[in-house]
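Keep the model open as you read.

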Amino acid sequence: MLNFDNFSFDYEPYPIGFTRPAFEAEFYGQLVGSFPPLELFKFMESKGEKYSLSQHNNGDQYRQFVKSSPPWRRLHAFIHSSDYITRTFDMLRAHNLDLDLPSPGFTTRMSQKFRAWKRGNPIPHFPRLKARFEFSAMPITGGSIAPHTDNIRKVVTMVVPILNEDEWNPNWGGGTSVVKPKDVRHLFNRINNYLGFDEVEEIKTFPFLSNQCLVFIKTDSSWHAVWPMTGKDRSVIRKTLTINIERS
């Protein structure tokens with residue numbers, strides 16, 4: 001379902017990858033055409049001008065919408081399967097990014113524990129991993145996500161813009177920026193404090209493109225942001241799908 005084969009990666013200041021197309025064109029078109037309406041979302045005032053719909057933010061509306069939408073129900077089933085986490089970790093390892101975490105299957109965990117026992121090594125304790133996705137939306141009239149490094153429970157994040165091919169004007173902005181704090185004392189940010197835009201410098205911005213996928217690993221310095229957008233029509237919305245692999 002998701003294209004794991006053509007990712008390319010930057011490795012500094014932390015690993016971040018890119019692929020396009022992320023989904024088969026027909027299925028992606030179904031996702032674009034059935035994105036949930038903004039009135040279902042929760043306004044996230046503390047994180048810039050952002051709206052969220054997820055199992056944590058307006059969870060009842062989220063579950064009802066996914067259940068009622070065949071393409072999103074199909075994607076939800078895939079993301080919540082062990083196959084999604086397994087394929088993500090396999091893809092990362094193929095790019096020399098081994099997180100030293102097993103796939104979520106019981107057999108995989110038990111085989112690694114058995115090998116450790118047989119060699120006389122300490123028996124490893126594996127965190128339980130789960131995947132989920134979130135709908136996000138921001139108006140182009142100043143919508144933004146302040147610089148941060150992600151919640152400490154997150155392991156891997158994927159961000160997929162949801163828009164038609166010719167829908168977005170790049171002059172509005174909306175890209176995901178890799179940033180670095182100007183004050184080196186803020187580089188280490190395990191607990192995910194936020195900074196102001198004037199407190200960071202832009203390293204690289206990945207433009208907001210139809211049917212692309214960014215993937216990045218949560219680190220103590222994985223600073224990223226979406227700069228305030230500069231459009232004039234508040235009815236135009238930056239829509240994204242965010243997929244997270246997290247420790248339970």
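Leaving out residues up to four places away in sequence, M91 touches F4, F7, F9, M158 and V215, where contact means heavy atoms within 4.5 Å. This is a predicted model, so local features need pLDDT of at least 70 and side-chain atom pairs count only at pLDDT 80 or more, while totals for chains, interfaces and linings use all residues. Residues are numbered from 1 along each chain as its sequence is written, and side-chain values use heavy atoms, with hydrogens and water left out.

M91 is found in helix α4 (residues 82-94); helices (H or I, at least four residues) and strands (E, at least two) are DSSP runs, numbered from the N terminus. With a relative accessible area of 4%, M91 counts as buried, because buried means under 20% relative accessible area, exposed over 50%, and partly exposed in between (1.4 Å probe, protein chains only). M91 also sits 7.5 Å from D5, C-alpha to C-alpha, though 86 residues separate the two in sequence.

Now for the core. In soluble globular proteins, nonpolar side chains tend to be buried together. A nonpolar core here is a set of buried Ala, Val, Leu, Ile, Met, Phe, Trp, Tyr and Cys residues joined through side-chain atoms within 4.5 Å. The largest one has 54 residues, and those with the most contacts inside it are F23, W72, L75, Y84, F133, F135 and M158. Strand β5 (residues 129-139) supplies the largest share of this core, 6 residues. Apart from it lies another core, of 7 residues, including Y14, I16, V178 and L214.

What does F135 touch, once its neighbours within four places in sequence are left aside? Its contacts include F35, F41, Y51, L53, Y62, F65, V66 and W72. L53 stands opposite F135 in β5, and 3 bridges join β4 (50-53) to β5 in an antiparallel arrangement; two strands pair if DSSP finds at least two bridges between them. On β4, K50 and S52 point one way and Y51 and L53 the other, and all are buried.

Last stop: helix α2 (residues 59-68), whose buried residues are G59, Y62, F65 and V66. They cover an arc of only 130° around the axis (taken from the directions from the helix axis to the C-beta atoms), so they lie on the same side of α2. That buried set packs against β4, α3 (70-79) and β5. The face turned away from it carries the exposed residues D60, Q64, K67 and S68.
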